[in-house]
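Visitor: Please show me how to read the main features of a model such as this one, taking the general idea before the particular case.

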Amino acid sequence: MGAQKRNSKYSHIDTSKFVCLNKDCKAYIVEGKGNIVFAHYDGKNKDIMYVRCTICGRKFSENKGTLFYHKKIGRKKSMQMLHCISEGMGIQATARVFGVNKNTVVSLVKAGGKHCEMVEKKR
Ligand SMILES: [Zn+2]
């Protein structure tokens with residue numbers, strides 16, 4: 001009963017949107033194979049989800065392959081900052097509003113551009 005309870009705590013988590021990001025895996029970036037399962041939570045606040053590929057056994061952070069990987073500013077703030085940029089706010093202005101270094105904004109915009117390229121290529 002105990003084990004069942006533990007599992008049901010995470011049973012609502014939808015991992016179907018994730019793909020394997022291991023280039024050597026035969027399910028690399030293949031969608032809808034059902035090979036990605038919930039692994040655990042980690043990070044400073046235990047708020048970063050890790051998923052595991054059942055084919056190659058590799059674990060990934062939910063942020064891997066996204067803009068938010070290794071970005072300490074967080075998902076919400078990143079999105080807000082990108083929104084400001086896309087609405088025509090300057091790099092300097094965005095940095096001042098969000099109280100971050102302008103290099104942080106530059107690297108976020110660069111990562112955003114790279115991510116768009118990757119998404120476009122996949123189509
Ligand atoms: Zn895999």
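**Order of elements**

Guide: Running from the N terminus, the elements of the protein chain follow the order α-β-β-β-α-α-α, where helices (H or I, at least four residues) and strands (E, at least two) are DSSP runs numbered from the N terminus. This is a predicted model, in which local features need pLDDT of at least 70 and side-chain atom pairs count only at pLDDT 80 or more, while totals for chains, interfaces and linings use all residues. Residues are numbered from 1 along each chain as its sequence is written.

Visitor: In what order do the three strands of the open sheet lie, and with which pairing?

Guide: Strands of a sheet pair through backbone hydrogen bonds, either parallel or antiparallel. Here the three strands form an open sheet with the order 1-2-3 and antiparallel pairing, two strands being paired if DSSP finds at least two bridges between them. Strand 1 (36–42) and strand 3 (59–61) are the edge strands, each of which pairs on one side only.

Visitor: How many bridges join strand 1 and strand 2, and which residue of strand 2 is the bridge partner of Ile-36?

Guide: Strand 1 and strand 2 (residues 48–53) pair over six bridges in the antiparallel sense; the bridge partner of Ile-36 is Cys-53, and Phe-38 stands opposite Val-51.

Visitor: Which residues take a positive phi in the two hairpins?

Guide: In the hairpin of strand 1 and strand 2, with five residues between the strands, Gly-43 has a positive phi near 100 degrees. Lys-46 lies in the loop between these strands and has a positive phi near 50 degrees, although it is a residue other than glycine. In the hairpin of strand 2 and strand 3, which also has five residues between its strands, Gly-57 takes a positive phi near 80 degrees.

Visitor: Is Lys-46 buried or exposed, and how should I read Asp-42?

Guide: A residue is buried if 20 or more other C-beta atoms lie within 10 Å of its own, exposed if 12 or fewer, and partly exposed in between, with C-beta atoms placed from the backbone. Lys-46 has 9 C-beta neighbours inside 10 Å and therefore counts as exposed, whereas Asp-42, with 13, counts as partly exposed. Asp-42 belongs to strand 1 and touches Ile-48 and Tyr-50, leaving aside residues up to four places away in sequence; such contacts require C-beta atoms, placed from the backbone, within 7 Å.

Visitor: Which residues make up the largest nonpolar core?

Guide: In soluble globular proteins, nonpolar side chains tend to be buried together. A nonpolar core is a set of buried Ala, Val, Leu, Ile, Met, Phe, Trp, Tyr and Cys residues joined through C-beta atoms within 7 Å. The largest one here has seven residues, namely Phe-18, Val-19, Cys-20, Ile-36, Val-51, Cys-53 and Phe-60. Across the protein chain, buried residues make up 11% of the 123 residues.

Notes
Two residues are in contact if their C-beta atoms, placed from the backbone, lie within 7 Å.
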